[in-house]
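I opened this entry to record what I looked up in the structure. My notes follow in the order in which I made them.

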Amino acid sequence: MAKIIHFPNKDKDLIEQLEYITEQAKEGKIKNYAFAVEWQDEDEGLVATSYYNDDVGTKQLLNSHIQVDIMAPMVEVNFFDE
């Protein structure tokens with residue numbers, strides 16, 4: 001199972017998150033990645049995706065981890081909170 005690193009969902013941490021990923025890439029620690037960003041202001045509604053070293057199977061693997069990351073808190077809130 002892959003180790004998953006969760007970043008806080010705060011705007012002020014965006015640069016810190018990107019710098020961390022960039023440092024990992026510089027150290028040769030990133031095998032592949034999947035990235036999606038939604039623009040704001042004049043480009044509102046534009047979504048860009050980017051992949052590195054990903055064939056269709058790797059894209060599916062990385063995206064499935066993102067889906068689990070989304071679903072886990074939803075399940076926790078709906079089934080385990082009292």
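**Salt bridges**

I started with Lys26 and Glu23, whose side chains meet in a salt bridge at 3.9 Å, N to O. The term covers a side-chain nitrogen of Lys or Arg within 4 Å of a carboxyl oxygen of Asp or Glu. I note that this is a predicted model, where local features need pLDDT of at least 70 and side-chain atom pairs count only at pLDDT 80 or more, while totals for chains, interfaces and linings use all residues. Residues are numbered from 1 along each chain as its sequence is written, and side-chain values use heavy atoms, with hydrogens and water left out.

I placed Lys26 and Glu23 next: both lie in helix H1, three residues apart, about one turn of the helix. Helices (H or I, at least four residues) and strands (E, at least two) are DSSP runs, numbered from the N terminus. An α-helix has 3.6 residues a turn, so residues three or four places apart point the same way.

Buried or exposed: which is Lys26? Lys26 is exposed, at 63% relative accessible area, and Glu23 is partly exposed at 38%. The classes are buried under 20% relative accessible area, exposed over 50% and partly exposed in between (1.4 Å probe, protein chains only).

How many salt bridges does the rule give? The count is two. The side chains of Lys29 and Glu27 also meet in a salt bridge, at 3.1 Å, N to O. Lys29 is exposed at 55%, and Glu27 is partly exposed at 47%.

**Helix H1 and what follows**

I checked the span of H1: its 13 residues reach 18 Å from first C-alpha to last, close to the 18 Å expected at 1.5 Å a residue. The expected span is 1.5 Å times one less than the number of residues. Gly28 follows H1 and has a positive phi, near 75 degrees.

**Nonpolar patch**

I found a nonpolar patch on the surface formed by Leu14, Ile15, Leu18, Tyr33, Phe35 and Tyr52, with about 560 Å² of accessible area together. Helix H1 (14-26) and strand S1 (33-38) are the elements that give two or more residues to the patch. H1 gives the most, with three residues. Leu14 has its place in H1 and is partly exposed at 46%.

For the terms, patches are made of residues with over 30% relative accessible area and no salt bridge, with like charges joined within 9 Å and nonpolar side chains (Val, Leu, Ile, Met, Phe, Trp, Tyr) within 5 Å. Accessible areas come from the Shrake-Rupley method with a 1.4 Å probe, and for residues only the protein chains shown count as cover.

**Rings**

I counted one aromatic pair. Tyr33 and Tyr52 form this pair, which is stacked, at 6.2 Å centre to centre and 20 degrees between the planes. It links distant parts of the chain, with Tyr33 in strand S1 and Tyr52 in strand S2, 19 residues apart. Rings of Phe, Tyr and Trp (its six-membered ring) pair if their centres lie within 6.5 Å; planes under 30 degrees apart count as stacked, over 60 as edge-to-face and the rest as tilted. Tyr33 is partly exposed at 35%, and so is Tyr52 at 45%.

I noted Asp41, not a glycine, with a positive phi of about 60 degrees. Asp41 sits in the loop between S1 and strand S2 (47-52).
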